[in-house]
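I opened this model to look up a few local features. My notes follow in the order I took them.

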Amino acid sequence: MPTAENLIPIRLDIENEGQRFKDSFTWNPADPDFEVISFAKRTVKDLKLHPTFIAQISQSIHSQLAEFRSYEGQEMHLKEKIVPLKLDLRVNNTVIRDQFLWDISNLESDPEEFARTLCKDLDIEDPEVGPHIAVYIREQLFEIAIQGVASARESKAGKKGRRGAENFINSKMSNSSLDLVKLFSSKGSVVRKRKDWYLYEPIVDILSNEEVVALDAREERNARLKKKLDEKEDSFQERI
């Protein structure tokens, strides 16, 4: 993670026994693994969730930690050092949308401090918004890091192969900036054109309780539909 602290973004969305638990936070990979089960037990107790959530929360966190550690210490190849990041999230009654540029070569960057400053500048009072913004940023930086590791591996593989393969990889890496822009926004640019300035203006909306209830209901329906489709797909794969 190209930041001052090597924190892992964790996102949970678990449904079981008629209950649904959603949360996002960062985890210090230096913490011992037994802390995961302790965290799961505390969460289930505090939120009065069904005991089966303990195993599911633990499994999900361990899975995300394992994915992160599989890239830890790997060489990265990133041609572009300035990348566009986007915010588009809702936390409780607050909706925030923003787009900005991030210098991934600055290893002293701090998503948590950035999030705190942004919330202060935009007069966002909900204390839960800042941590969610930091997680959102770290998730995008992690995706960029994965791309960087993949590019480095391709480069090494190309050096062992034919020269023509090397030329193809170099050509592909020269377009890495385009790939990153496509990932987040086709309109991101280090040099901002005047007509695009509005894209970099943050938007904050405070929803009414009625709007939040309606959005939560819609998200629940979409989650149930996705779960059914996934179950059908798994069943189909098993029959094959």
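**Entry 1: Ala66.** I started with Ala66, which is found in helix α2. Ala66 counts as partly exposed because its relative accessibility is 45%. My cut-offs are these: buried is under 20% relative accessible area, exposed is over 50%, and partly exposed lies in between, with a 1.4 Å probe and protein chains only. I then looked up Pro29: Ala66 and Pro29 are 37 residues apart in sequence, but C-alpha to C-alpha they are 9.8 Å apart in space.

**Entry 2: ground rules.** The model is predicted, so I note that local features need pLDDT of at least 70 and side-chain atom pairs count only at pLDDT 80 or more, while totals for chains, interfaces and linings use all residues. Numbering runs from 1 along each chain as its sequence is written, and side-chain values use heavy atoms, with hydrogens and water left out.

**Entry 3: the whole chain.** I counted elements next. The protein chain has 7 helices and 5 strands. Helices are DSSP runs of H or I with at least four residues, strands are runs of E with at least two, and both are numbered from the N terminus. From the N terminus on, the order is β-β-α-α-β-β-α-α-α-α-β-α. Of the 240 residues, 35% count as buried. I also checked contacts, meaning heavy atoms within 4.5 Å. Among those between residues at least 6 apart in sequence, 65% join residues at least 24 apart.

**Entry 4: α1 against α2.** How do α1 and α2 pack? Helix α1 (residues 34-47) and helix α2 (residues 53-71) meet at an angle of about 140 degrees, and their axes are 9 Å apart. Axes here are lines fitted to C-alpha atoms, for helices over the stretch in contact, and angles run from 0 to 180 degrees between N-to-C directions. The pair is therefore oblique. Under 35 degrees would count as roughly parallel, over 145 as roughly antiparallel, and 65 to 115 as roughly perpendicular; the rest is oblique. From α1 the contact takes Val36, Ile37, Phe39, Ala40, Lys41, Thr43 and Val44, and from α2 it takes Phe53, Ile54, Ile57, Ser58, Ile61, His62 and Leu65. I sorted the residues of this contact into 10 nonpolar, 3 polar and 1 charged. Nonpolar covers Ala, Val, Leu, Ile, Met, Phe, Trp, Tyr, Cys and Pro; charged covers Asp, Glu, Lys and Arg; the others, Gly among them, are polar.

**Entry 5: α3.** Which residues of helix α3 are buried? In α3 (residues 111-121) they are Pro111, Glu112, Ala115, Leu118 and Cys119. Seen down the axis, they fall within an arc of 125 degrees, so they line one face of the helix. The arc is taken over directions from the helix axis to the C-beta atoms. Lys120 and Asp121 are exposed, on the face turned away from the buried side.

**Entry 6: Leu215.** Leu215 is found in helix α7 (residues 209-239). At 23% relative accessibility, Leu215 is partly exposed. Leaving out residues up to four places away in sequence, Leu215 touches Arg90 and Leu207. Arg90 is 125 residues apart from Leu215 along the chain, with 9.9 Å between their C-alpha atoms.

**Entry 7: positive phi.** Most residues other than glycine have a negative phi. I looked up two with a positive value. Glu17 has a phi of about 50 degrees and is found in the loop between β1 (8-16) and β2 (19-27). Glu17 is exposed, at 53%. Asp123 has a phi near 55 degrees and is found in the loop between α3 and α4 (129-160). Asp123 is exposed, at 64%.
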